Amino acid sequence: MHRLKTAVFGTGFVGRVHLEGIRRVGHVDLCAIGEPDIEKAKKLADEFGAKAEADYHKILDDPAIDAVHVCTPNALHFPIAQDALNAGKHVICEKPLATSVEQARALVALAAEKKLRNCTSHNLRYYPMVQQMRRMREAGDLGDILVVQGTYSQDWLLYDTDWNWRIDSKDNGPSRCMADIGSHWCDMAEHVTGQRITSLCADLQTFHKTRKRPKGPIETFAGKTLTPDDYIEVPIDTEDFGGVIFRMGDRTRGSFTASQVSSGRKNRLSIEIYGTKCGVAWDQERPDELWIGNRNTSNQIIIKDPSLMKPAARSYADLPGGHSEGYDDSFKQVFRRFYASIADPTATPEYPQFIDGLRQLTILESELKSSQSRSWMDVPTLQAATA
């Protein structure tokens, strides 16, 4: 297979996850890392055998680069992805795809115009047991979906001394908790059920109206290990928590919460789907387990084992039963499919695309409007790709 060349923009928590995931694809060479902090870029570039550039435009000017990964703060997603597409590069962009529906719509149109592969990194779809749920629904095992519910709960911003760039709306956009993790939950709910959230009522809350920002830089999820002597107290305009009730068409109903202040919950995306035949439930903190609930027979907990999974779900599990696959493996599954589609221009994309990122921003803006107006909102119709 022809070897493809790629670059990563951004060197924070998720940037490093992308760097490590690229190494696992097999036929993709990491050639460059773009990061304004050139010393940080050089340190990672030395580790991964790539060159470092402070100005990402210099990387885009290299005709040898086939694709780029945009792993920067959210406010930079749109301009960098736009520049990359105009430079003829295929693009994987972290979610949220942009900070507004208008920006995301422009990226969808530009990618189509340029005929370039595009991916929004809603990687959490691709845990093996999430795909098992999806295939059970497709096979009719769940029956008609009645109820969808769950949460995405973390605790890394519980204290007013916890800080990260995502707290600042200038870097992150108008929403934090719902954009950062609520979007993952909604994407998974729509992906697994095959249905669309049609209307919703949201209540968002900022518990810490001010936070104490450390004077020195900190990494994502690292705030609780710091004991700085000095802080700068700043006002906060992004939410710590959101609760949403929603409708999926005429019959299906659901609800979920997203929280970054839930004590003890480190990264718990929990989703429960109840149909007329059975229910299923999955928890990201126990990713190899799938609960199956029955009305008239005993409930089950099944453990990930490719040989026992639905045939269409097996390719999302690379290791045999008893060998755990987790968060970093979900990135590998997305990257593998993304680069396979570049290598084969006739292939149908089997990953979330920019239109899926636009879809989640459409839901997000409806949540923001609903919370502000204290009322139900219809979600504008948009057909998301579902591969």
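**View 1. Arginine 374 in the loop between H10 and S17 of the predicted model.** At 76% relative accessibility, arginine 374 counts as exposed, because the threshold for that class is over 50%. Its phi is positive, about 55°, although the residue is not a glycine. Most residues other than glycine have a negative phi.

**View 2. Lysine 115 in the loop between H5 and S6.** Lysine 115 follows helix H5 and has a positive phi. The value is near 60°, in a residue other than glycine. With a relative accessibility of 73%, lysine 115 counts as exposed.

**View 3. Helix H5 (residues 101–114) and its buried residues.** The 14 residues of H5 should span 20 Å at 1.5 Å a residue, and the C-alpha atoms at its ends are 20 Å apart, which agrees. Val101, Ala104, Leu107, Leu110 and Ala111 of H5 are buried. An α-helix has 3.6 residues a turn, so residues three or four places apart point the same way. The buried residues of H5 pack against helix H4 (77–86), strand S6 (118–120) and H10.

**View 4. The cis peptide bond from lysine 95 to proline 96.** The omega of this bond is near -10°. Proline 96 is placed in the loop between S5 and H5. Most peptide bonds are trans.

**View 5. The open sheet of six strands in parallel pairing.** The strand order is S3-S2-S1-S4-S5-S6. Strand S3 (51–53) and S6 are the edge strands, each pairing on one side only.

**View 6. Strand S4 (residues 67–70) and its partners S1 and S5.** Strand S1 (residues 4–9) runs parallel to S4 and is joined to it by four bridges. Alanine 7 has valine 68 in S4 as its bridge partner. On its pairing with strand S5 (residues 90–93), S4 is again parallel, over four bridges, and valine 70 stands opposite cysteine 93 in S5. In a regular strand the side chains alternate between the two faces of the sheet. Both faces of S4 are covered: Ala67 and His69 are buried on one side, and Val68 and Val70 are buried on the other. Three bridges pair S5 with S6 in the parallel sense, and isoleucine 92 stands opposite cysteine 119 in S6.

**View 7. Helix H1 (residues 13–23) and its surroundings.** The buried residues of H1 are Val14, Gly15, Val17, His18, Leu19, Gly21 and Ile22. These residues pack against strands S1, S2 (28–34), S4 and S5. They also pack against helices H2 (38–48) and H9 (327–343).

**View 8. The open sheet of nine strands in mixed pairing.** The strands follow the order S16-S15-S14-S13-S7-S12-S11-S8-S17. Strand S16 (300–303) and strand S17 (377–378) stand at the edges with a single partner strand each, so one side of each is left without a neighbour in the sheet. Helix H6 (residues 128–138) packs on the sheet and touches S7, S13, strand S14 (279–283), strand S15 (289–293) and S16. The direction of H6 makes about 30° with that of S15.

**View 9. The antiparallel pair of S7 (residues 145–153) and S13 (residues 268–275).** Eight bridges link S7 and S13. Glutamine 149 has glutamate 272 in S13 as its bridge partner. Strands of a sheet pair through backbone hydrogen bonds, either parallel or antiparallel.

**View 10. Helix H10 (residues 354–373) with the sheet and with H8.** H10 lies across strand S8 (199–205), strand S11 (241–248), strand S12 (252–259) and S17, running at about 65° to S8. Helix H8 (residues 177–193) packs with H10 at an angle of about 120°, their axes being 10 Å apart. The crossing of these two helices, H8 and H10, is right-handed. From H8, Met178, Ala179, Ser183, Cys186, Asp187 and Glu190 take part in the contact. They meet Arg359, Gln360, Ile363, Leu364 and Glu367 of H10. By class, the residues of the contact of H8 with H10 comprise five nonpolar, two polar and four charged.

Definitions and conventions. Residues numbered from 1 in each chain as written. Predicted model: local features only at pLDDT ≥ 70, side-chain atom pairs only at ≥ 80, totals over all residues. Heavy atoms only, no water. Pairing = 2+ DSSP bridges. Contact = heavy atoms within 4.5 Å. Axes fitted to C-alpha atoms, helices over the stretch in contact; angles between N-to-C directions. Left-handed = near helix turned anticlockwise from the far one by under 90°. Nonpolar A, V, L, I, M, F, W, Y, C, P; charged D, E, K, R; others polar. Expected span 1.5 Å × (residues − 1). Buried < 20%, exposed > 50% of the residue type's maximum accessible area, 1.4 Å probe, protein only.
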